[in-house]
Amino acid sequence: MADVTAGSGTTPEPELKRVMGPGLLLLFIIGDILGTGIYALTGKVANQVGGAVWVPFLVAFLVALVTGFSYLELVTKYPHAAGAALYTHKAFGVHFLTFMVAFTVMSSGITSAATASRAFAANFAEAFEFDLSTGIGVTLVALAFILVVAAINLRGVAEGVKLNVVLTCVELSGLLIVIVIGLWALGFGNGDFGRIVEFDTGDRSALGGVIVATTLAFYAMVGFEDSVNMAEECKEPSRIFPKVLLAGLLLTGLIYVVVSITAIALVPAEELGQGDTPLLKVVEAGAPGFPTHIFAFITMFAVANSALINMLMASRLLYGMARQGVIPRPLGAVHAYRRTPHLAIAFTTVLALGLILFVGEVPELGGTTALLLLTVFTIVNVAVLVLRRDTVEHKHFRTPTALPVVGAITCGFLVTPWTDRNTDQYVIAGILLAIGAALWVVNYLVIRVSHGERPAAEAVPIPEPEREE
């Protein structure tokens, strides 16, 4: 093992365990991107554009793909945990900016996990026909669920990734059921493909409607960036990431487009946009005799997977930034036996429990999460160009220069009010960023005063871990 130190420079510490090969990494990416977005967002997107519901998903996929190329260059160049925060730190060397990017990504993951836990509790009650309508029961189940996720995370990444494989297969099975039933019904003439080219954008132009819908649909495409925070637990990340990440994006993009076309061909846009279970309506329309209650279980497992992956990502991001000296170094500690970042896991779990208890379900969460991550993606695309001046000894992927330029422009535009985004999303994002700024001040004082360190770009780079054979 490489001799990585946390503070004194004399005590060797264990490293994260490299268990993820190409297959596990691919399932991790697919499971993270699929999440719960497609199960709930199809109807909301249809409300914005009408029958052309597949167009915003396609545009969101293309924007994500361009940014994915930027992530590929950076993760193969710097195969460490921390992802966007690490790239920001190396590119700009501004501690405040690095901290805010790390806080933004981490808070989006933890908030999504906390919300997913409440969704899990609600679907748990529906699947088993329990009466949790008081709200207290939902909160208790959600808290217990997050503790189970923490236990799996502490147990080891191998266990977490293997569970992700099972849950991802459940997610995929639900979408495949929708596709098969839809194609079967359409084969018998029970549908109208003419709807897929109909735009109903209200007072907006067709372009304006697509832009607004894309800000919603983009939430369904986020997730691939979580995988770069698992780089230190992947075998040969510089070699396997390019083909695996691109394959994951292409597969999920194809699934989204096929599902959305099937949905709108079987169910009119105005009906699809009502309620929170659009795909259930597709199954009911295509196969009335199908036992639709099974979707309560499928959705339950889908949101469980989202929570698991987000908590894995958040803890690894915290670990990576602690190893960079951007946040207090103890949070970068690795358990000697389990080889998991146990203090980072404990910290992120406490935050998630607090969100469940005191925040609950946040309105416009999906749009706010996309807003925050689009801001981060803009910075990442710029960082790729800045870091071209930094050379490394090992071979790595290099994206065509035009792609990060296009990525920065498109992601930056989707952040602006010109997209007609709901203003509540800016309010929620502003509150989160204000909390992050306040925490930065506290963190700066702790590191500079208590530890006598400078939380700036002079932080010693992480030695590249040795590969496990």
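Glu73 is buried, because its relative accessible area is 1%, where buried means under 20% relative accessible area, exposed over 50% and partly exposed in between (1.4 Å probe, protein chains only). The side chain of Glu73 meets that of Arg388 in a salt bridge, with an N to O distance of 2.8 Å. A salt bridge is here a side-chain nitrogen of Lys or Arg within 4 Å of a carboxyl oxygen of Asp or Glu. The pair links distant parts of the chain, 315 residues apart: Glu73 belongs to helix α3 (residues 54-77), and Arg388 to the loop between α14 and α15 (402-415). Helices (H or I, at least four residues) and strands (E, at least two) are DSSP runs, numbered from the N terminus. Arg388 is also classed as buried, because its relative accessible area is 19%.

The model is predicted, so that local features need pLDDT of at least 70 and side-chain atom pairs count only at pLDDT 80 or more, while totals for chains, interfaces and linings use all residues. Residues are numbered from 1 along each chain as its sequence is written, and side-chain values use heavy atoms, with hydrogens and water left out.

Across the whole structure, 2 salt bridges are found. In one of them, the side chains of Arg204 and Asp420 meet at 2.8 Å, N to O. This pair, too, links distant parts of the chain, 216 residues apart, with Arg204 in the loop between α7 (157-187) and α8 (206-221) and Asp420 in the loop between α15 and α16 (423-450). Arg204 counts as partly exposed because its relative accessibility is 30%. Asp420 is likewise partly exposed, because its relative accessible area is 43%. The backbone of Asp420 has a phi near 65°, a positive value in a residue other than glycine. Most residues other than glycine have a negative phi.

The chain contains 16 helices and 0 strands. Of its 469 residues, 57% are buried. The accessible surface of the chain comes to about 18700 Å², and 67% of this surface belongs to carbon and sulfur atoms. Such areas come from the Shrake-Rupley method with a 1.4 Å probe; for residues, only the protein chains shown count as cover. Among contacts in the chain with a separation of 6 or more, 82% involve residues 24 or more positions apart, contact meaning heavy atoms within 4.5 Å.

The largest nonpolar core has 131 residues, and Tyr71, Phe218 and Phe224 touch the most other members. Helix α12 (residues 294-323) gives the most to this core, with 17 residues. A nonpolar core is a set of buried Ala, Val, Leu, Ile, Met, Phe, Trp, Tyr and Cys residues joined through side-chain atoms within 4.5 Å. When neighbours within four places in sequence are left aside, Phe218 is in contact with Ala60, Val63, Ala64, Ala370, Leu374 and Phe377. Ala302 is found in helix α12 and is buried, because its relative accessible area is 0%. The C-alpha atoms of Ala302 and Cys169 are separated by 9.5 Å, although these residues are 133 residues apart along the chain.

The structure holds 7 aromatic pairs. Rings of Phe, Tyr and Trp (its six-membered ring) pair if their centres lie within 6.5 Å; planes under 30 degrees apart count as stacked, over 60 as edge-to-face and the rest as tilted. The pair of Phe120 and Phe145 is stacked, because the ring centres are 4.2 Å apart and the planes lie at 15°. Phe120 lies in helix α5 and Phe145 in helix α6 (residues 136-155), so the pair ties together parts that are 25 residues apart in sequence. Both Phe120 and Phe145 are buried. Ring pairs also link Tyr71, Tyr87, Phe218 and Phe377 into a cluster.

Ser117 is placed in helix α5 (residues 95-127). This serine is buried, because its relative accessible area is 0%. Leaving aside neighbours within four places in sequence, Ser117 is in contact with Ala142, Phe145, Ile146 and Ile356.

On the surface, Phe92, Val94, Phe96 and Val382 form a nonpolar patch with about 290 Å² of accessible area together. Patches are made of residues with over 30% relative accessible area and no salt bridge, like charges being joined within 9 Å and nonpolar side chains (Val, Leu, Ile, Met, Phe, Trp, Tyr) within 5 Å. Val382 lies in helix α14 (residues 365-386) and counts as partly exposed, because its relative accessibility is 33%.
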